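Colleague: Can we go through this one together? I'd like to talk about the pockets and the aromatic rings.

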Amino acid sequence: MAQRTKAIRGMHDILPEQTGLWQYLEGTLSKVLCSYGYGEIRMPILEVTELFKRSVGEVTDIVEKEMYTFADRNNESLTLRPEGTASCVRAAEENGLLFNQIQRLWYCGPMFRYERPQKGRYRQFHQLGVEAFGMAGPDIDAEQILISARFWQELGLSEHVKLQLNSIGTKECRARYNVALVEFLGARVDQLDADSQERLKKNPLRILDSKSPETQALLDEAPVLADFIDEESRDHLEQLCGILDANGVQYELNTRLVRGLDYYSKTVFEWVTDALGAQGTVCAGGRYDGLVEQLGGKPTPAVGFALGMERLILLLENISMPVNTKPVIDLYCIAFGYEEKKAQMVLAEKLRKLYPDLVIVMHCGEGSFKNQLKKADKSGARFALVMGEDELANNVVALKPLRERSEQERFATNDLVAIAARIAN
Ligand code: HAM
């Protein structure tokens with residue numbers, strides 16, 4: 001036998017039995033976003049590599065190690081998007097959406113990162129991202145956190161996620177903090193884990209994110225980012241907290257929360273759960289006031305976040321949310337002989353046109369009455385619609401209940417209303 005070709009490691013098929021849950025999730029989230037006045041934008045999944053280098057940052061895990069980058073046939077370097085913010089800024093700017101106007105946008109789709117796959121971490125994964133442009137105040141930061149909190153309410157997940165919040169201030173305060181941090185940790189470099197030693201040279205702020213308990217213990221003594229934050233950023237955070245408090249949104253101020261992408265300033269936040277093991281961040285984002293300008297646009301304040309769809313699906317499954325996502329088949333159509341099948345298919349089309357909410361499945365292929373009925377039963381259908389020789393001759397069709405103990409009934413094939421009424425009962 002020829003060898004089978006397999007999917008790429010870390011990239012998964014989403015099968016029909018799972019897509020119901022995906023559709024439920026996408027439907028719930030997009031409805032919430034629509035109710036806040038956000039419009040959907042769809043960007044290409046391929047961009048020029050330069051875009052991510054200039055936005056996510058040259059010295060980040062994503063750009064250094066995780067991008068799917070290749071030369072196209074014209075030798076241009078392209079990258080499968082590892083995240084959506086950079087593409088969204090590019091698209092909004094390129095299409096004139098940012099000129100003298102504010103924008104509230106969202107997108108949903110696949111992202112690609114060459115990470116070590118494990119539960120909740122994949123090489124192709126899906127994000128739903130939300131971005132707002134042109135608003136500098138803490139009100140829009142609060143709006144976005146309220147949107148995410150509403151997501152959890154709608155999905156029944158509020159008890160399973162916690163909000164962590166921080167301000168990383170302006171570029172200037174981070175630069176001053178970096179100097180102090182490097183000075184402190186540089187004198188204790190042998191006490192740092194290997195990853196942090198590397199980060200000390202390239203991106204010291206990311207050491208705050210270290211998972212090593214020894215490094216975290218060392219950080220207890222280190223200078224604190226909050227002490228370096230400028231007054232404006234501090235006021236911004238305070239006002240944001242005030243709006244969250246007024247809305248009853250709980251959060252933990254975590255002064256060690258920094259993000260793995262370079263474009264953030266002021267507000268950063270993450271929603272985390274302890275129900276998913278190591279990959280516990282289900283949603284993350286923050287303010288990125290400098291990015292539009294950095295990518296060639298006019299200075300434009302911006303804030304956004306993205307959630308990991310796979311992680312949310314895992315969470316919904318973990319807490320065994322009773323979401324009934326499998327469509328119930330109303331009618332399973334059985335026919336014997338070519339003429340009967342033809343009449344049956346005409347009838348089914350008429351029913352579909354008049355009653356688009358009905359789920360009607362046609363038995364295609366051969367099979368005895370017994371065999372077709374067995375298939376109808378196994379499909380979970382509520383009724384079998386039977387067209388035999390006798391029915392065809394008399395312009396009728398038989399409706400056989402499969403889930404209730406009642407007799408089958410015959411209906412004139414042109415009496416669609418009566419057929420539908422019986423099914424609705
Ligand atoms: P991020 O923290 O890199 O931020 O990703 C956001 C979310 O995507 C994560 O919290 C996680 O749920 C999910 N995620 C990330 N990597 C993976 C993976 N390999 N497998 C499964 N899920 C994953 C961003 O991407 C920013 N663009 C968010 C943002 C939007 N900031 C401002 N606007």
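Modeller: What follows covers a pocket, then ring pairs, then charges over rings. Keep in mind that this is a predicted model.

Colleague: Start with the second largest pocket. How much space lies in it?

Modeller: About 660 Å³.

Colleague: And which residues are closest to its centre?

Modeller: Lys171, Arg174, Asp262, Tyr263 and Tyr264 are the closest, out of 26 residues that line the second largest pocket.

Colleague: Which element supplies the largest share of the lining?

Modeller: Helix α6 does, with 4 residues. α6 covers 171-186, and both α6 and α10 (291-294) supply at least two residues of that lining.

Colleague: How do the lining residues divide into nonpolar, polar and charged?

Modeller: The lining of the second largest pocket has 9 nonpolar, 8 polar and 9 charged residues.

Colleague: On to the rings. How many aromatic pairs does a search of the whole structure find?

Modeller: The search finds 10. One of them is Tyr68 with Tyr114, which is edge-to-face, at 5.7 Å centre to centre and 75° between the planes.

Colleague: Where do those two sit in the chain?

Modeller: Tyr68 is in strand β3 (residues 68-71), while Tyr114 is in the loop between β5 (103-112) and β6 (124-133).

Colleague: Is Tyr68 buried or exposed?

Modeller: Tyr68 counts as buried because its relative accessibility is 18%, and the cut-off for buried is under 20%. Tyr114 has a relative accessible area of 45%, so Tyr114 is partly exposed.

Colleague: What about Tyr177 and Phe228, what kind of pair do they form?

Modeller: Tyr177 and Phe228 are also an edge-to-face pair, with 5.2 Å centre to centre and 65° between the planes. Tyr177 and Phe228 are both buried.

Colleague: Which rings are linked into a cluster?

Modeller: Phe151, Trp152, Phe269, Trp271 and Phe305, through ring pairs.

Colleague: Last topic, charges over rings. What lies over the face of Tyr114?

Modeller: Arg123 lies there, 3.8 Å from the ring centre. So Tyr114 pairs with Tyr68 and has Arg123 over its face, and it is partly exposed.

Colleague: And which ring does the charged end of Arg188 sit over?

Modeller: The ring of Phe184, at 3.8 Å from its centre.

Definitions and conventions
Residues numbered from 1 in each chain as written. Predicted model: local features only at pLDDT ≥ 70, side-chain atom pairs only at ≥ 80, totals over all residues. Heavy atoms only, no water. 1 Å grid on protein atoms, 1.4 Å probe; cavity = no way out; pocket = protein on both sides within 12 Å on 5 of 7 lines; lining within 4 Å. Points joined across faces, edges and corners; volume = space filled by probe spheres on them. Nonpolar A, V, L, I, M, F, W, Y, C, P; charged D, E, K, R; others polar. Phe/Tyr/Trp six-rings, centres within 6.5 Å; stacked < 30°, edge-to-face > 60°. Buried < 20%, exposed > 50% of the residue type's maximum accessible area, 1.4 Å probe, protein only. Lys NZ or Arg CZ within 6 Å of the ring centre and 35° of its normal.
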